[in-house]
Amino acid sequence: MGTQSTNSPESVTDSGPDGREPPGSGRKPTPTWPASILRHDVPASIVVFLVALPLSIGIAIASGAPVAAGLIAAVIGGVVAGALGGSALQVSGPAAGLTVIVAESISQFGWRVTCFIVAAAGVLQILFGLSRIARAALAVAPVVVHAMLAGIGITIALQQLHVLLGGESNSTAWTNITDLPAQLAALHGPAVILGAVVIVIMLGWKYLPERIRVVPGALAAIVVATVLSLVFSLDVKRVTIDGSLFDAIGLPELPRSDWAGVVVMILTFALIASVESLLSAVAIDKMHTGPRADFDREMLGQGSANVLSGLLGGLPVTGVIVRSSTNVAAGARSRASAVLHGVWLLIFSVALVSLVEQIPLAALAGLLIVIGVQLVKLAHIRLAHRTGDLLVYVVTLAAVVFLNLLEGVLIGLALAFALLLWRVVRVTITAEPLGGTDRWLIQVDGSCTFLSLPKLSSTFAKVPPGIPVTVEMTVDFLDHAAYDAITDWARQHESNGGTVDFVEIGAARMANVGTAPPSRSMSRVALDGVLGPWQVDRNGSSNGSGDSGDPLVSGIAAYHRSHAHLVRPHLDELRDGQDPDSFFLTCSDSRIVPNVITNSGPGDLFTVRNVGNLVPEHGDASVEAALVFALEKLNVRSVVVCGHSSCGAMGALHSGEPAGPGIDRWLEYGRPSLESYRAGHVVGRAAEAAGFGPVEQLSMVNIAVQLENLRRHPSVRRAADERGLTVSGLFFDIASARVIEVRLDGIAPIEDNDELLAQFQREPAQSAR
């Protein structure tokens with residue numbers, strides 16, 4: 001689809017007023033608004049009309065409503081919902097999804113009262129649209145909707161199977177099943193043949209050549225069956241229409257009793273029609289690239305159509321996925337296609353009623369059986385199985401088939417909610433001894449509520465008395481009942497000579513239970529607490545723990561509470577010695593956290609810090625001693641120099657302003673870096689091209705100069721030659737929290753790419769040699 005014209009949101013005008021593409025655009029010319037309707041929407045509307053005609057008649061018959069009611073709903077759905085709805089390419093009309101509930105309403109209240117229910121449901125849908133809560137209808141669990149549609153499909157198929165066999169459908173699925181043997185014994189041959197012809201054509205239509213499939217399969221099947229019945233003069237029941245379409249129009253009646261049942265039916269009509277229409281709109285949005293659906297406006301359009309359909313004696317109207325997908329596939333570009341399809345239906349229903357009356361009921365039954373079976377989708381069953389919702393699917397389907405639509409949906413929603421509740425509030429609690437020690441570890445992970453009390457009690461009972469215990473709390477919800485159970489057990493365990501240490505990793509903290517009602521704490525809060533233990537406020541309170549006093553002491557206390565036990569096993573392995581991978585020289589700046597930006601842990605980095613991350617070639621024993629020790633005693637495998645943005649040392653060096661006697665003497669070691677920068681070092685030029693400021697450019701040049709100093713060092717050269725030591729440079733951009741590689745010949749981003757990282761490790765080693 002092209003770009004929308006500012007004059008008509010449904011038109012397509014990609015270029016000039018003549019609708020032609022500029023030369024070399026590579027796209028087909030797109031017609032202007034009137035031409036687009038003639039070229040795309042009119043042909044699409046004819047295709048949709050041919051699909052909608054037999055479906056509307058069949059759905060009316062399956063619902064037990066007058067045949068004209070299906071045609072009235074189809075006309076109004078096309079014209080009113082098509083013009084006012086929020087989905088430009090959605091086509092509305094009577095849908096198979098409401099067949100069962102319409103039949104139930106007609107059986108319980110009569111046809112005219114059902115028309116009142118349709119109109120009242122339309123008013124309710126308009127209120128949905130005005131209150132802007134239309135999207136809330138999408139909160140229904142998809143598995144319930146899928147099972148509801150499958151249950152409707154099975155119910156329709158069971159009903160129409162009796163019609164295909166030449167009999168009458170029963171009111172309940174169970175009766176249709178139990179009466180099927182008798183119906184098979186008394187089957188009507190001509191009806192069965194016609195129904196079978198329709199089913200065969202419908203199922204085999206997709207295998208025919210594309211030029212034949214231009215004609216809708218449903219229309220072709222009904223036409224063939226009708227012609228056969230006329231040619232061979234078959235004695236079969238046919239569609240009956242009493243008078244013209246206008247003769248069928250009549251005002252609804254108010255119910256005389258059972259208003260409670262009527263209200264329930266109104267709610268059912270409104271909710272199911274709304275959900276089906278919105279789900280159809282969502283599906284259609286995925287099939288085209290034009291304007292997205294406005295769900296609130298769609299509710300206004302659907303509601304208006306149902307009010308008018310109910311007042312004129314039509315079936316309820318919903319967005320129909322079969323007609324809508326056909327509309328998109330046929331090339332429709334605007335809502336004009338849906339409106340025109342309603343116009344064609346009106347013309348046909350008024351002028352060609354006699355043709356409709358030639359259609360055999362068995363042919364429509366075959367059509368509806370295929371449609372009903374197609375509502376049961378294997379893809380939905382497989383999805384429910386993969387997601388653990390198969391029980392909800394099966395129960396909902398069975399309830400819809402053997403009870404009724406409303407009760408089935410309510411049972412499905414209740415079961416889906418119960419399953420959701422079980423998944424959300426469940427907690428994992430384990431207790432086991434730590435290997436090699438007499439300490440036990442209890443892990444509580446999930447949402448810890450009063451529902452967890454039995455599991456907490458049974459788990460605590462496994463812990464032997466009088467031993468040290470660590471309780472690891474990784475919970476996002478903790479209520480007072482669970483808190484009491486945990487603390488009561490801890491007091492009892494300590495009274496028997498044991499010890500209990502609490503480690504709180506999750507966001508829900510025990511200290512907060514008694515101060516406010518319980519609430520779910522989001523996982524990001526816990527993540528910030530683990531990754532950001534340095535978040536200490538200036539008043540000495542750390543991470544909201546309530547500790548006060550010295551910030552460093554508060555931070556240590558928070559570390560002990562939250563993740564000291566996670567570090568302990570790693571440090572235990574290093575208690576007899578260290579084996580770092582890298583010698584890491586970086587600036588003393590407090591904003592640089594080497595283990596965080598390198599994603600490393602205890603024992604990985606042998607870190608040396610000084611102002612400006614400098615490597616003096618002579619005159620300073622500190623860096624020299626650390627470097628030689630790391631190379632010759634620890635046998636590190638890489639040497640890294642890491643600078644950073646907004647470096648105070650580089651800023652002072654660049655400005656040339658005095659920084660104090662001691663600092664100025666130290667910065668003399670950085671003078672070669674300043675001279676290289678002013679001489680136009682290649683790294684400085686690369687940093688400038690990347691958009692970095694002068695101080696950052698100098699910082700990167702300084703890293704490159706320190707790399708040169710290191711590669712001239714005898715111990716570095718020897719380690720590179722003998723065991724492949726790598727020497728590399730990093731620049732940490734504080735503002736973006738990103739790390740950049742600094743090479744002797746430029747800079748490069750570091751991505752999560754194994755090949756790039758391998759190259760990054762090879763090149764410095766080759767340069768060192």
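Q: Why is serine 105 called buried in this predicted model?
A: Buried means under 20% relative accessible area. Serine 105 has 0% relative accessibility, so the residue counts as buried.

Q: Where does serine 105 lie, and what does the residue touch?
A: Serine 105 is part of helix 3, which covers residues 99-109. Leaving out residues up to four places away in sequence, serine 105 touches Gly110, Thr114, Ile117, Met265 and Phe269. Contact here means heavy atoms within 4.5 Å.

Q: How do you know that the buried residues of helix 26 line one face of the helix?
A: Let's start with the residues themselves: in helix 26 (residues 648-655), Ala649, Met650, Ala652 and Leu653 are buried. Viewed down the helix axis, the buried residues fall within an arc of 160°, so they line one face of helix 26.

Q: What covers the buried residues of helix 26, and what follows the helix?
A: The cover includes helix 27 (661-667), helix 28 (671-678) and helix 30 (694-711). Helix 26 is followed by glycine 656, which has a positive phi, near 80°.

Q: What makes strand 8 and strand 12 the edge strands of the sheet?
A: The open sheet has 6 strands in the order 8-7-9-10-11-12, with mixed pairing. Strand 8 (605-610) and strand 12 (746-749) each pair on one side only, and that makes them the edge strands. From one strand to the next, the twist averages 25°.

Q: How do you know that strand 10 and strand 11 pair?
A: Two strands pair if DSSP finds at least two bridges between them. Strand 10 (residues 726-733) and strand 11 (residues 738-743) have 5 bridges, in the antiparallel sense, so they count as paired. Aspartate 733 stands opposite arginine 738 of strand 11.

Q: Which strands does helix 30 touch where the helix packs on the sheet?
A: Helix 30 touches strand 9 (638-644), strand 10, strand 11 and strand 12, and its direction makes about 165° with that of strand 10.

Q: Which helix supplies the largest share of the lining of the largest pocket?
A: That is helix 12, with 6 residues. The largest pocket has a volume of about 1,600 Å³. Of its 46 lining residues, the closest to the centre are Ile321, Val322, Ser325, Gln374 and Lys377. Other helices that each supply at least two lining residues include helix 1 (33-63), helix 5 (142-164) and helix 10 (259-285).

Note on methods:
Residues numbered from 1 in each chain as written. Predicted model: local features only at pLDDT ≥ 70, side-chain atom pairs only at ≥ 80, totals over all residues. Heavy atoms only, no water. Buried < 20%, exposed > 50% of the residue type's maximum accessible area, 1.4 Å probe, protein only. Helix = DSSP H or I, 4+ residues; strand = E, 2+ residues; numbered from the N terminus. Arc of directions from axis to C-beta. Axes fitted to C-alpha atoms, helices over the stretch in contact; angles between N-to-C directions. 1 Å grid on protein atoms, 1.4 Å probe; cavity = no way out; pocket = protein on both sides within 12 Å on 5 of 7 lines; lining within 4 Å. Points joined across faces, edges and corners; volume = space filled by probe spheres on them.
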